[in-house]
Every structure is written in structure tokens, then in C-alpha cells.
Amino acid sequence: MDNGCESALNKTGWGACHYFLVGLCGVCTFVEAIASLIVLVVARLLVCDLKLGKNDIVIFNATQSFGMAFGSFFFGSLADLYGRKETISITMVLIFCSSIAISFAQTIFLINLFIFLLGLGLAGNYIIVRVYLIECLPTKRREVCLAILDILWVLGYLSALGLSWSLVPSVIRMLYKKFRPSSWRVLAGIGGAPSLIMACAVSLLPQTPRFLLYQQRQDEAVTVLRQIYAINNSKHIGTYPSTDLSTCVEPDEEIEETNSLFTMIYRYCVKTRERLQKIYQLPFRRTTICSILISFLYFPGFVWLALWNAHLLQELGKGTIEKERGGNSMCNVNFSDMGESLLLNCRQINEQRFLFLLCISFSYILGEILLIMGIHVIRKKWLLILSALIGSIAILGLIFVVQYIMQIIFSAMFLATYAINHTIINILIAENYPTGLRGTIMGLTKILPHLAASMMKFVSKLSCIPSIIAASGILISTAVIVIPIPDLTGAPLQERSVNLDDA
């Protein structure tokens, strides 16, 4: 495997430029996480304000997940055709426009349309920021920086949750007085407004050298590498060591200038079909199937898994109290009700759920910190298997322990292992495909998870124990499915169509 790209990136050193790239991508992720909570928080207020049915809350959340299923693949494949930097800006603008449009929408159709568009932007931004960053980083830094990116996503989610907790009570009082213009619409606008700033800030990012080489723009790639080197080392760009990039990345065989919209759409469809064919052919076939399956198993996502865990712990706590009193309480998980769990009713906030959700969500940060500490000690694949086994045992422990504090500890362990595995899966998938396929495969693997999340929101009721066993089974299945996926820890990103199935 040719490691020309890795050699060129290593020659740039590590310094201010890389800190800037990681920081700006981190802020993009932080802002995206804030916007991702808009529908969850606003849906219940929206239903109260417009006097809609409770089923509309489920539909709003499912519509966002449905949009994310399309957005992940569309923007992932679009980034492979037109570039990572440009696609990040498009997704940021889309997040801003759709969130502002939600705040002004007056009909159910328009609200669902803009929620769908918001899902498109959120999923696209999540994929492309990670693809962009992994292509700019040297080998020894990519795992840690991707973990930092996920930490910033969780911090953005926690910040949005805390901000909503502080604003929602005043919004409810305004609703009670029927002061509609300043109700949930303000929250939707606040959640999306930072995206416009980041859409402009992204213009400061350089294009990734790997993508420039893929587009046969070698001179521009060398210029970017020289600029990174000069900023990192405070030296003149002319002192950058010479390097051979001619065989670094397999170039795109057809580079065309497109002037008309029809030509652009036609080229997108043709090139996307070609990429899908490559992904499902040797040497990528086995890795593709395993990647799709392992991503599907993690379909709940950070937010809804934390909601499920918070609901589960509260139900188990109620059951323990009822048993002590000699009563009998059935523990159930109602996924359709979880979307409205942050409010008790149209006039009262569920402060206990807000606080509980905030507290247990910090487990995600704990998991990412443990990942950063262990990523250079244990290979990624074995770290995923180990954390999956620990997480499955921890979540099963909820069935057998009676002490409430132990249930909280086991839940924290489960969420921490989920965060570890989620980050590792993204890295494993991205590093095993060449530049021309990286965005497409990342988007493709996210279609089934978002569709499953959309369908799951319509599941009305499930007993706690089956849901716990299912969560444990998901982690065990992950440990099995990840085994055939090549682990490139400490190795260059895949850039050649070598036989991965023999790796």
C-alpha cells in the first residue's frame, strides 16, 4: 500500500494549522448538535401552541429521522463529487434556513417539510465534517481527533438541552397567555442561527489534499500542504520538503466542467451509480456488508438512547418503590411517549426528566475520554469488542440489581461503551475506503439506522426487560460483526483497491 499521502501529511508537522482545522470542525459539530435538538424540544410546545394531536409529535420526530436517512447518503455522495469543504457550507446553510423556516411555518405540511430539510442538513453535516477531518490528519492523530469531535457533539447536545431547560418554562408561560410569536418559534430560531455563522467560517478551511489529488489537481494539493507546513512550523512555504504525490490517490478518471443544472444532476446520478457498484464489488464487498450491518445496530443515536435510558431508569425506580410498598408495577417503555417526555403537559415542564437526561448524558463524554486514553494502547477493533462485551454485561445487570445507585452506574457504563463503539465504527468505515468512495460509503451506512430510528418512534409500548435484552444483543452482535472489518490502526488510510478481504 502506497503511503505517499501519509508521508506528505507527516512532513507538515503538527501545530497551529491542525489545531485550527480540528477546532473549526469541532465548532461545526457543536452547532450541528444544538440544531439536532430543535425538533425534540419544540415538537411538544408546537403541538400545544397549534392545538394538534399527540400523534403529531411522533410524526415530527420520525420525519426528521426520515430526512436524515436521505441526507446522509445524498450529501455523502455529493461530497465525493464536488468536494468536502463546499458540502459542509451547503449543509450549514440548509440547517439555518430550515430551522428559521420552521419558526415561521403555520401549517402541518410546511412544518413537516422544513423538519425533513433540517434532517437532510444535520445528517449531511455529521458525515462530511468527519470525512473532511480524517483526510487532513496524519495517521497517529486521526483517532484522537475524531473522538474529540464526538465530545464536542455531545457538549453541543448538552448545551442545547441545558438552554432549553432554562428557556422552556418562560415559553410555557407565554403560551398560557397566548403570546404565540415568542413561544416555540424563538427556540427554533435560536437553535439554527449559529449555523449561518459557521457556514461563513467554513470558507477559511482549505480543501483536503486527498480530494484535490483525486480530482487531479496536484499543484493545488501541494500548495495546501505547503501552507499547512508553513503555519505549523512558522517557516516559509518554500522550505516544505519535496514529496511525490503522483501515485498517492487513485484519481477520478473523468473530470468534466459542468455548466448547466441538468448536466450536474445527470453527472451526479451516473457517478453515484458507479461508486455504488464499486462499493459492492471486490475488494470492498465484505467490508461494505459488515459496515452497513454494524451501523444499523447503532440506530438509536446519542439523543434517543439517552432518552430511553432515562425513561428506563425512572421506570425501574418506580418499580422498586412499588415493591417496597407491597404493590406491583409493570415496567414499560413507550417510545411514542418519549418524544413528549420533556414536558408533563402544556403548562408544566418535566424538570426531573431534563435533569436526569443531562446527568446520564455525561456518560458519553466519559466514554470518549476512555477511548482517547486507550486508543494507542489497544487496537481499535479489539477495543470495540472489549467495550461491547462490557456494555452488554452492564445493561443486563439492570435486570438483576435492586439498588437504584447500581442501576445508574450500570446505565452509565452502557452509555459510555456506546459512545466508544460509535466513534470507532465511524473511523473503521472511513479509513477502509479510498477518497473517491469515502463520503458515499459513510452516507450509505447511515441510511438503515435513520430509517430504523424513524420506524421505532411508532412503537407504542415494549416491556423493559425485552428492551434491555435487545440492547445487550445489539452490543454482542457488534462484537461479532466487526471481526471481518480490517483494522488500520497506525496504518495509512486505504487509498488503493487492494484486496481488503485478504487483509
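Analyst: pLDDT is the predictor's confidence in each residue, on a scale from 0 to 100. The structure shown is a predicted model. Over residues 498–503, pLDDT stays under 50, and the model has 15 contacts beyond four places in sequence for this stretch. Over residues 321–328, pLDDT also stays under 50, and there the model has 2 such contacts.

User: What is the mean pLDDT of the protein chain?

Analyst: The mean is 84, and 89% of the residues of the chain reach 70 or more.

User: Why is C17 called buried?

Analyst: The relative accessible area of C17 is 8%. The term buried requires a value under 20%; therefore C17 is buried.

User: Where does C17 lie, and which residues does C17 touch?

Analyst: C17 belongs to helix α2, which covers residues 16–36. Setting aside residues up to four places away in sequence, C17 touches I228, I231 and N232. C17 and Q227 are 210 residues apart in sequence, and their C-alpha atoms are 8.7 Å apart in space.

User: Which residues touch the most other members of the largest nonpolar core?

Analyst: They are Y157, W308 and Y364, in a core of 149 residues. Helix α6, residues 108–136, gives the most to this core, namely 14 residues. A second, separate core has 5 residues, among them L78, L81, L120 and Y268.

User: What makes A33 a contact of Y157?

Analyst: A contact requires heavy atoms within 4.5 Å. Apart from neighbours within four places in sequence, the residues in contact with Y157 include A33, L37 and V303; therefore A33 and Y157 have heavy atoms within 4.5 Å.

Key: Residues numbered from 1 in each chain as written. Predicted model: local features only at pLDDT ≥ 70, side-chain atom pairs only at ≥ 80, totals over all residues. Heavy atoms only, no water. Core = buried A, V, L, I, M, F, W, Y, C linked by side-chain atoms within 4.5 Å. Buried < 20%, exposed > 50% of the residue type's maximum accessible area, 1.4 Å probe, protein only. Helix = DSSP H or I, 4+ residues; strand = E, 2+ residues; numbered from the N terminus.
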